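Trainee: I would like a close look at one part of this model. Please take me through it step by step.

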Amino acid sequence: MRDAGDACALFATLVREREEVAAFAYLDSAGRLLGLRHARSGARDMLDIPVRDVAADALAFDAAAVVMAHNHPSGDPTPSAADREATRQLARALGALGVRLLDHLVLSERGLTSFRALGLL
């Protein structure tokens, strides 16, 4: 994955989901995609990020980095307070394993928000 455009293309299908869905791209040290996993919330306005599963997958893929994305079916790509806290928790957990959380993208019909661009990562 070379840049934000690659990440957006990879996660573009999330915009069409009617419930919140998270996707995690696992990358090697050169930014090559090793694997991709999805986590469904079952809810339209809430997502519980499976930190343990993401960490386990990062180890299984021997990933150097992770890019996370999730959708907001409401159409507003503004990260919620819960999104920000979950991202902090995930970044800490991955960091303890030597894996970097490169970005967390929030996608919606009205655009996308990058945690990295906002200075939140």
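Trainee: Leaving aside its neighbours within four places in sequence, which residues is Asp 57 in contact with?

Mentor: Keep in mind that this model is predicted. Setting aside the neighbours within four places in sequence, Asp 57 is in contact with Tyr 26 and Arg 37. With Arg 37 there is a polar contact, side chain to side chain, at 3.3 Å. Now place the residue. Asp 57 sits in helix α2, which covers residues 51-61. Is Asp 57 buried or exposed? Its relative accessible area is 17%. Buried means under 20%, so Asp 57 counts as buried.

Next, look at what surrounds the helix. Start with the sheet. The sheet is open and has five strands, in the order β2-β1-β3-β4-β5, with mixed pairing. The edges belong to β2 (33-40) and β5 (111-114). Each of these two has a single partner strand, so one of its sides has no neighbour in the sheet. From one strand to the next, the twist averages 20 degrees. Helix α2 packs on this sheet and touches β1 (21-27), β2 and β3. The direction of α2 makes about 25 degrees with that of β1.

Strands β3 (residues 65-71) and β4 (residues 100-108) run parallel, and seven bridges join them.

Now compare the two helices. Two packed helices are described by the angle between their axes and the distance between those axes. For α2 and α3 (residues 81-96), the angle is about 35 degrees and the axes are 10 Å apart. The crossing of α2 past α3 is right-handed. On the α2 side, the contact is made by Val 51, Val 54, Ala 55 and Ala 58. On the α3 side, Leu 90, Ala 93 and Leu 94 make it. Seven of the residues in this contact are nonpolar, none is polar and none is charged.

Finish with Ala 82, which has its place in helix α3. Its relative accessibility is 55%. The cut-off for exposed is over 50%, so Ala 82 counts as exposed. Ala 82 is 34 residues from Asp 48 in sequence. In space, their C-alpha atoms are 9.2 Å apart.

Notes
Residues numbered from 1 in each chain as written. Predicted model: local features only at pLDDT ≥ 70, side-chain atom pairs only at ≥ 80, totals over all residues. Heavy atoms only, no water. Helix = DSSP H or I, 4+ residues; strand = E, 2+ residues; numbered from the N terminus. Buried < 20%, exposed > 50% of the residue type's maximum accessible area, 1.4 Å probe, protein only. Polar contact = N/O pair within 3.5 Å; in protein donor to acceptor, adjacent residues only side chain to side chain. Contact = heavy atoms within 4.5 Å. Axes fitted to C-alpha atoms, helices over the stretch in contact; angles between N-to-C directions. Left-handed = near helix turned anticlockwise from the far one by under 90°. Nonpolar A, V, L, I, M, F, W, Y, C, P; charged D, E, K, R; others polar. Pairing = 2+ DSSP bridges.
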